[in-house]
Amino acid sequence: MSTTEVFINGLGLIGSSLARAIKKKNEEIVITAADKDKDTLDYAIANKIIDRAAGNLAAVKTADIIILATPVDQIVTTLHELSKMQLKKDAIVTDVGSTKQTVLKAAKELIQPNVTFIGGHPMAGSHKTGVTAGRVDLFENAFYFLVAPKAKDKQIEKLQLLLQETNVKWFEVDASTHDKLVGQISHLPHIIAATLVNRTQDEFADSPLGMKMAAGGFKSITRIASSDPDMWSAILKTNTTILTTQLAKYQQQLSEVQDDLKNGNQENLYNLFFQAKNSRDKLSNQKKYILPDFYDLFVNIPDKVGAIARVTQLLACNKINLVNLQILEIREEIDGILQLTFMKEIDYEKAKRILLSQGYQIVKGE
């Protein structure tokens, strides 16, 4: 039985995490990777994340499965290049791009018989980037969208088997539905967060306090504004039609709020928050169809040296995986709020139980 060969173009957070999952599935699978950064390839080889490093796409010719894990605009360029190459018979080409209509259009150029394209998008990420941030469990319990209008079941199953150790929830969808969905729940929120941060910065440009006063709700709602600008400008460029429509609807609703404020329409303002609260609260109760979220725990901590270290030490001693922490609000001599973020519900529940047993006050969890 011949050895499966995989080619990965792009060894950032997503690409390197998929490589790790593939190796966990079967160490005998040969992974060749290309990346614009030589240090990234050297690290991947040294840490046995991949078997071979490639300087270009030539190595795809012998690959059984080709994974395109670069930004969307580069994925499109790579698909153009692959369309001019002779690929292996029965090869599968897939991607991890955040938009699908643009990618599927480019993939139509892969006219070689017995070569299948399967669009993919794992709904997972991290505040960390690069090959060193990759990990096997990055995608665990996350939805992994598949957009494969021409793929046969056996080809989809072959890709799913290769990525079995990601432990994702597979979800097949058409390209337009995918782009509309991620536009509303991911792309639009990034635009709103970035705009709010910039508008606030401008508003307080001449204030000695300015952004230094931002805490609590402001930091929570704008956290995603810290995302990679190169990546997000590229993503938005490939979903412009849907996003312009969604932005117009959002702006219309903001205009209605503005009118209600001017006219003193308290009932409409109340309904705005009432409906939003009901919809947001339901997210915590849905299990089957919502996209997975991180689990956040909010803990009161005293304004004392070593207070945060004691919390993280408790979690570490109990082997609880903490993916992020953030101080939401703290003032001198007053308790602050520490936000702890977990990827798995089991870690969240265990942390909550341990912290309560140690006398910590849990403000809320979601």
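**Aromatic pairs, sheet and confidence in a predicted model**

Phe-171 is partly exposed, with a relative accessible area of 33% (buried means under 20%, exposed over 50% and partly exposed in between, with a 1.4 Å probe and protein chains only). The model is a predicted one, in which local features need pLDDT of at least 70 and side-chain atom pairs count only at pLDDT 80 or more, while totals for chains, interfaces and linings use all residues. Residues are numbered from 1 along each chain as its sequence is written, and side-chain values use heavy atoms, leaving out hydrogens and water.

The structure holds five aromatic pairs (rings of Phe, Tyr and Trp, the last by its six-membered ring, with centres within 6.5 Å; planes under 30 degrees apart count as stacked, over 60 as edge-to-face and the rest as tilted). One of them joins Phe-145 and Phe-171 edge-to-face, at 5.8 Å centre to centre and 90° between the planes. Because Phe-145 belongs to strand S7 (residues 143-147) and Phe-171 to strand S8, this pair ties together parts that are 26 residues apart in sequence (strands are DSSP runs of E of at least two residues, helices runs of H or I of at least four, numbered from the N terminus). Phe-145 is buried, at a relative accessible area of 2%. Ring pairs also bring in Phe-143, which forms a cluster with Phe-145 and Phe-171.

In helix H10 (residues 266-283), Tyr-270 and Phe-274 sit four residues apart, about one turn of the helix. Tyr-270 is exposed, with 53% relative accessible area, and Phe-274 is partly exposed at 40%.

Turning to the sheet, eight strands form an open arrangement in the order S3-S2-S1-S4-S5-S6-S7-S8, with mixed pairing (two strands pair if DSSP finds at least two bridges between them). Strand S3 (52-54) and strand S8 (169-172) stand at the edges with a single partner strand each, so one side of each has no neighbour in the sheet. Strand S2 (residues 30-34) runs parallel to S3 and is joined to S3 by three bridges; Ala-34 has Ala-54 as its bridge partner in S3.

Finally, a word on confidence: the protein chain averages a pLDDT of 87, and 92% of the residues score at least 70 (pLDDT is the predictor's confidence in each residue, from 0 to 100). Where pLDDT is low, the predicted coordinates should not be read in detail.
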